[in-house]
Amino acid sequence: MKLYCLSGHPTLPCNVLKFKSTTIMLDCGLDMTSTLNFLPLPLVQSPRLSNLPGWSLKDGNAFLDKELKECSGHVFVDSVPEFCLPETELIDLSTVDVILISNYHCMMALPYITEHTGFTGTVYATEPSVQIGRLLMEELVNFIERVPKAQSASLWKNKDIQRLLPSPLKDAVEVSTWRRCYTMQEVNSALSKIQLVGYSQKIELFGAVQVTPLSSGYALGSSNWIIQSHYEKVSYVSGSSLLTTHPQPMDQASLKNSDVLILTGLTQIPTANPDSMVGEFCSNLSLTVRNGGNVLVPCYPSGVIYDLLECLYQYIDSAGLSSIPFYFISPVANSSLEFSQIFAEWLCHNKQTKVYLPEPPFPHAELIQTNKLKHYPSIHGDFSNDFRQPCVVFTGHPSLRFGDVVHFMELWGKSSLNTVIFTEPDFTYLEALAPYQPLAMKCIYCPIDTRLNFIQVSKLLKEVQPLHVVCPEQYTQPPPAQSHRIDLMIDCQPPAMSYRRAEVLALPFKRRYEKIEIMPELADSLVPMEIKPGVSLATVSAVLHTKDNKHILQPPPRPAQPTGGKKRKRASDDIPDCKVLKPLLSGSIPVEQFVQTLEKSTQHPPVPFLLEQHGFSDIKVEDTAKGHIVLLQEAETLIQIEEDSTHIICDNDEMLRVRLRDLVLKFLQKF
Amino acid sequence: MDPECSRLLPALCAVLADPGQPVADDTCLEKLLDWFTAVTEAGSSLLLLQENPCLVELLFHVLKSQDLSSRILSFSLRLAGIFAAQENCFQYLQQGELLPMLFGEVGPLGGAAWTAPAVRSGWIQGLRTLAQHPSALRFLAACGAVDTIFSLQGDPSLFVASAAGQLLVHILDLAMRGPAEGHRSPQACDWPACAQKIVGHIEDSLCSTAVPQVTQALSVLTTAFGHCHGLWTQGLWVRLSPLVARLLEKDPVPASHSLVDLLLSVARSAPSSYRGLWETLAQTLSHLSPTQAGPLALGILKLQDCPQALRTQAFGILLQPLACVLEAAAQAPGPPGLLEGAAGNSMTVDTLLSSKSACVGLLCCALAHLGLLQPLPQRPSPWPQAPLLGAAVTILRLCSGSAAPTSDVGSRLCAILVGCGRVQRAALDFLGALSQGTGPQELVTQVFSVLLEYLVSPESSSMVLKKAFQATLRWLLSSPKTPGCCDLDPHTQLFLRELLPVLQKRLCSPCWEVRDSGLEFLTQMTRHWGGQAGFRQALLASEVPELTKQLLRDPESYVRASAVTATGQLSSWGLCATPAGHECPGAQQESLLVELLHILSTDSEGFPRRAVMQVFTEWLRDGHADVAEDAEQFVAGALQAASRDLDWEVRAQGLELALVFLEQLLGQRGSHCPYAVALPETAPPGVLAQALQVLCRVQLFEFAFRALFDCDRPVAQKSCDLLLFLRAKAAPCGSPQEAGDSPNVASVEATLQRWQAGEQGQPLGYLEPGAVVALLRSVDLEGLRDTLAESSDHVEKSPQSLLQDMLAAVGVLGENEADCY
């Protein structure tokens with residue numbers, strides 16, 4: 001059993017598991033932090049961005065000045081943003097049988113895999129994951145396609161040139177594999193390969209393994225996966241949450257008794273408690289708006305935004321903010337808000353019960369009804385007519401490199417009355433803000449990451465007790481910036497196995513059993529014999545039939561009846577049960593007793609040699625790792641007794657060997 | 001006993017003895033016992049029983065009856081105890097063999113009734129009351145009661161078990177306090193048999209391997225040394241202290257809590273008379289685990305006189321956990337013995353690292369104990385202020401995760417403590433307590449920076465934040481003034497500049513507790529520093545005043561109340577919010593007054609309205625500029641709103657406001673000491689007449705008289721005091737006849753009578769000053785005051801009414817017969 005690790009990002013995993021005869025890809029996350037190296041794509045011409053000076057080498061060589069621009073001491077690539085794909089060289093991805101998706105954030109690389117690697121398998125995901133994943137992809141494509149950029153930079157990727165660049169460009173990994181965004185056509189084609197599944201549904205893969213999605217509590221339709229055969233169980237835990245937010249709670253019980261638990265997608269900000277962050281978000285939002293400033297919240301169009309809107313719904317009246325407009329701007333804003341209301345079966349219990357009242361499960365419906373929350377596909381069109389300040393704007397993309405957020409950063413960045421509040425944990429806010437420096441606007445970092453923290457993980461592991469834990473290497477040591485925080489790492493016994501990008505792990509467990517069915521008529525013919533209390537044995541002669549990874553023992557075909565007078569020769573008969581069978585042996589040899597017998601003179605003729613010799617007097621017994629060696633020194637003979645074999649090594653005396661063999665057989669049961 | 005009660009008693013006894021009659025509740029029986037106690041204390045019990053044979057009959061009947069309730073049985077046992085407390089009466093009851101039947105083995109002790117805890121408790125209490133004389137001791141010995149008491153020490157009912165222990169001590173004390181006490185040697189050999197038996201039992205228990213037995217023995221001894229002060233206790237100590245010391249040899253020490261209680265009880269009584277006590281204490285300190293030793297160490301340090309070596313040892317124990325923390329978190333090995341005599345010992349380190357709960361428990365106890373010790377005059381000297389400050393700061397940093405210890409122990413401590421609210425709260429409390437002392441500037445800077453860290457951190461829970469605000473306030477107020485300069489010192493000013501934006505954010509918190517504690521902090525800070533130029537400047541440059549004003553409309557009533565107090569305080573110092581940033585022009589102030597009046601008359605919750613009345617009172621008392629402009633109108637408005645209020649505290653506060661106003665018009669109330677002899681200082685007639693005119697215009701009398709008949713007693717009392725004060729001031733003004741004749745007064749009196757009867761609908765109408773004076777004379781204010789001073793049940797408290805009530809409850813008095821149909 002092997003695990004191929006194609007992504008180094010712990011929360012955007014992409015791993016391939018080879019288990020029995022299947023090849024299963026677990027998630028295909030897209031690392032978008034690469035876009036932070038690029039200049040933002042403004043919606044309207046930005047004189048500031050277009051007038052940034054080109055970057056030149058220390059010696060004044062300016063051949064890169066078309067591709068690289070400098071802003072407040074940082075260098076950015078002036079090109080269409082590119083993404084860092086999962087490894088495609090480590091394993092032939094056309095051999096992948098299935099892809100299991102755990103949540104909509106972890107499927108953003110799907111079109112790259114399904115459309116460009118020869119993949120012919122099936123993708124399994126829940127309906128909300130697919131629908132919201134589609135929205136995220138659609139938004140991404142829209143953000144990038146609507147501001148076409150003529151220029152495409154590639155010179156800087158040359159390894160020799162990259163070395164000369166300043167950090168972080170110099171240290172960017174695998175830049176040659178970075179790719180531009182996919183198209184809508186590729187998205188549609190990729191999504192058409194998805195088969196929808198429901199929680200706890202059992203899906204057979206070629207009869208070899210069974211995969212089952214379980215609720216993970218993190219997002220609408222988010223799942224963990226169980227991959228099991230008859231005797232082995234692998235759990236794959238991706239983004240999971242134990243907090244009571246909107247999704248169905250996490251199913252922990254089904255993760256019990258795993259041989260291996262692959263653990264990914266823990267919180268990215270383990271020191272920030274989501275509740276405190278929501279409080280901080282509300283306080284800063286209110287403070288800014290009361291002072292007449294605007295608030296910008298860069299966010300994804302789905303997920304935490306639902307919870308934020310719910311908190312604000314409860315907070316705005318009490319904080320006297322009822323008259324402040326809230327704008328949600330995204331090409332998929334409308335669909336996202338509406339989708340959230342129709343996936344009742346995927347919601348937490350409280351929200352599900354609302355549906356029966358009937359009421360919309362999320363209170364943002366009421367915010368929209370009362371005109372407190374307005375949503376627009378983009379800043380163009382209706383929005384520009386309705387726009388009123390001070391206001392609160394939720395818009396993407398959280399990387400601040402594309403989407404409507406770029407416009408608001410340019411618009412509001414110069415005033416210290418305004419505030420940008422970062423709630424998405426995926427991007428380092430300082431890096432996100434770098435191309436906007438110098439910035440007068442206030443910046444608040446309230447990352448809200450509801451995924452499991454290390455305390456919760458340690459409780460979870462105690463509860464479900466997997467034999468082995470496998471996780472990204474980042475989880476096995478404290479964060480580099482806080483090396484003394486030993487509480488911020490996974491603490492389990494045996495220690496977790498860690499992986500990094502482009503690594504292949506041999507998972508530490510051996511498959512020992514395979515299930516074989518016996519046909520009823522064959523079973524009928526068996527005559528079990530009890531060899532010790534509770535254990536019976538029977539010999540069986542059958543034909544093993546293997547098809548679709550299922551093994552069945554069938555009765556052997558009957559020997560053909562001799563027809564006519566011509567007798568067939570027995571030797572030519574290929575029916576196995578016609579051979580003379582040696583008896584099967586079982587039991588173990590009690591060494592002491594065996595040695596005593598060797599030492600004693602034996603009365604009965606079966607061992608006449610011993611009778612003559614009156615037993616051996618020079619027997620030595622040695623213990624070995626696997627059993628014992630009985631040494632008959634004078635006879636230059638060795639008897640190796642092990643758990644599942646016994647060897648008599650006696651080069652010169654066949655008589656003695658046969659006698660010793662018979663003596664050994666005396667101690668064993670035969671049938 | 002008064003004859004009427006004697007007349008009712010037989011009927012009552014019959015009711016009590018009748019199992020068919022439902023008995024009045026437990027409270028009645030308790031009151032009855034109280035009454036009998038009072039009667040027997042005042043006179044002879046023997047006489048009482050002879051005059052009221054029904055009582056003895058009741059006791060006999062109780063013994064015979066099989067199906068009496070356990071309450072009555074318990075009552076009878078206690079009643080018998082009360083009577084038998086007098087020796088002659090005891091003899092009298094003994095003649096009838098009543099006592100052995102009640103308390104001996106033939107009584108309830110052997111019967112089914114014994115299973116009721118109430119009966120066992122009654123048995124013990126009866127004996128406790130009875131055991132007052134030598135005859136009682138003989139009786140106890142004869143009926144074998146002491147053995148029963150021994151067994152009751154382990155009773156499943158905690159009340160019974162505890163009472164049994166106390167009874168043992170009482171018997172022991174009685175036995176030893178005989179006439180021979182003065183001559184009795186502390187040696188135990190000539191002690192009375194009863195005492196020998198009890199002490200022997202205690203000895204056996206102390207040697208027992210069962211922890212509950214040891215605990216029982218220790219708690220009996222604790223009571224004995226705590227309550228009995230005869231010479232014999234010294235003998236007891238000599239005899240038992242070796243056994244107590246032997247407990248320390250066991251690992252773990254059994255019943256350590258009780259052991260600590262005992263040793264402290266001995267040490268507190270008269271330590272010098274108990275030989276070897278200090279040695280035992282020192283030994284105990286070194287044997288107990290760090291967690292167990294903490295309370296003992298604190299107790300030792302609180303003792304008035306105690307050897308210095310022991311104090312040092314005890315202090316070392318309290319300091320140890322903090323020393324370990326300091327040592328573990330030190331970047332480089334610090335100077336040895338940072339906390340003198342308390343280098344982190346390995347046992348303490350082990351406890352700290354053994355589990356989260358052990359670590360948190362030990363640290364919280366150590367912090368709490370040291371915090372308690374800090375303000376005491378007998379606290380250890382020299383007090384290691386600087387290392388303690390350092391330890392508190394370090395603990396807070398470990399809890400917030402901002403400390404970066406390099407040692408292994410430090411990292412593990414950090415992992416245990418990070419985010420632990422309990423330790424954070426304890427450490428902040430302790431840090432606040434340490435503000436009373438000084439510290440090196442470098443450490444004080446660290447204190448302020450860690451406090452700011454907590455105030456800023458979004459991870460601070462509301463309770464932690466409250467404590468952080470409190471500690472910050474204490475440190476701010478204790479910061480030294482720059483000599484020769486009346487303003488805040490530069491460090492404080494710098495801190496304020498960082499603090500106010502944080503306060504601003506906290507006032508916008510979605511959590512109401514946070515907004516509330518932020519406002520409380522602001523109020524306190526303004527109260528102390530409202531006049532400091534540096535503070536005023538920083539505050540006015542921030543948005544805090546504006547936010548505070550906005551919080552007057554907060555959805556949470558507690559926050560509104562705090563906002564009212566805070567804006568009131570800000571306004572008193574001319575610091576309230578103004579859009580242009582000017583300091584309170586009149587127009588702005590007026591609008592605040594209107595806003596507060598609006599809250600007073602419309603807010604649905606009591607807290608904000610009470611806060612408004614308090615602010616108004618303060619404004620009036622302090623001569624707030626804008627209130628003083630037209631005080632009459634202000635008072636009239638406030639009183640009018642208060643008089644309609646449903647909350648009695650608002651009305652009472654209204655009277656306080658009225659009193660302040662009165663004092664401003666007529667002069668102080670004189671000495672506040674109730675025992676001082678002072679002649680009423682009457683006001684000069686001219687001033688008085690004018691003042692009365694003003695009081696009539698603001699309708700103060702209407703308010704005060706209405707309050708006089710208020711259904712809530714405190715309001716009525718306050719009003720009564722106010723009117724008495726006014727009458728004293730107005731005494732010589734005019735003769736009663738002059739004003740009393742006017743028809744106005746008669747109608748007002750009639751109205752008042754109706755008010756007294758509960759019909760308060762009709763207004764009093766405008767009163768002339770003359771009529772007021774007449775009214776003040778005619779109303780019996782002293783009488784009213786006396787009536788109000790009585791507790792509300794004074795009419796129903798007499799024994800006679802108790803008996804009548806009990807009888808009426810079962811219908812014996814026959815009043816309710818008609819109801820049967």
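Entry 1, the interface. I started with the contacts between the chains and found that 21 residues of chain B are in contact with 20 residues of chain A. This is a predicted model, and I note that totals for interfaces use all residues. I then looked up the area and read that chain B and chain A bury about 1700 Å² between them, with 59% of it on carbon and sulfur atoms. On the chain B side, B:Glu459, B:Lys505 and B:Cys508 supply 30% of the area that this chain buries against chain A, more than any other three residues.

I turned to B:Gly401, which is found in the loop between α21 (385–400) and α22 of chain B. Is B:Gly401 buried or exposed? With a relative accessible area of 7%, B:Gly401 is buried, because the cut-off for that word is under 20%. I set aside the neighbours within four places in sequence and found B:Gly401 in contact with A:His484, A:Arg485 and B:Val418, a list that takes in residues of chain A and of chain B. For distance I also noted B:Lys718, which is 317 residues from B:Gly401 in sequence and 54 Å from it in space, C-alpha to C-alpha.

I looked next at B:Gly390, which lies in helix α21 of chain B. B:Gly390 has a relative accessible area of 12% and is therefore buried, as the value falls under 20%. Not counting residues up to four places away in sequence, B:Gly390 touches B:Leu326 and B:Leu443. I also checked B:Val444, which is 54 residues from B:Gly390 in sequence and, C-alpha to C-alpha, 9.4 Å from it in space.

I counted 43 helices and zero strands in chain B, and of its 821 residues 52% count as buried. Among contacts in chain B between residues at least 6 apart in sequence, I found that 72% join residues at least 24 apart. As one helix to follow in detail I took α19 (residues 346–354) of chain B, whose buried residues are B:Thr348, B:Thr351, B:Leu352 and B:Leu353. What covers these buried residues includes α17 (290–302), α18 (308–329), α20 (356–373) and α22 (408–417) of chain B.

I noted that chain A is divided into domain 1 (2–270 + 451–506), domain 2 (274–445) and domain 3 (585–602 + 611–670), and that the C-alpha centres of domain 1 and domain 3 of chain A lie 61 Å apart. How many cavities of 30 Å³ or more are there? The count comes to 11.

The largest cavity holds about 200 Å³ of space and is lined by 21 residues, of which A:His105, A:Tyr218, A:Gly303, A:Val304 and A:Glu424 lie nearest its centre. I sorted the lining of the largest cavity into eight nonpolar, eight polar and five charged residues, and saw that this lining draws at least three residues from each of domain 1 and domain 2 of chain A.

The second largest cavity holds about 130 Å³. Among its 14 lining residues, A:Leu12, A:Leu30, A:Met32, A:Tyr300 and A:Asp426 lie nearest its centre, and the lining divides into eight nonpolar, four polar and two charged residues. The lining of the second largest cavity, too, draws at least three residues from each of domain 1 and domain 2 of chain A.

Technical notes:
Residues numbered from 1 in each chain as written. Chains lettered and ligands numbered in written order. Predicted model: local features only at pLDDT ≥ 70, side-chain atom pairs only at ≥ 80, totals over all residues. Heavy atoms only, no water. Buried < 20%, exposed > 50% of the residue type's maximum accessible area, 1.4 Å probe, protein only. Helix = DSSP H or I, 4+ residues; strand = E, 2+ residues; numbered from the N terminus. Contact = heavy atoms within 4.5 Å. 1 Å grid on protein atoms, 1.4 Å probe; cavity = no way out; pocket = protein on both sides within 12 Å on 5 of 7 lines; lining within 4 Å. Points joined across faces, edges and corners; volume = space filled by probe spheres on them. Nonpolar A, V, L, I, M, F, W, Y, C, P; charged D, E, K, R; others polar. Domains from an automatic or database assignment. Buried area = accessible area lost by both parts, 1.4 Å probe.
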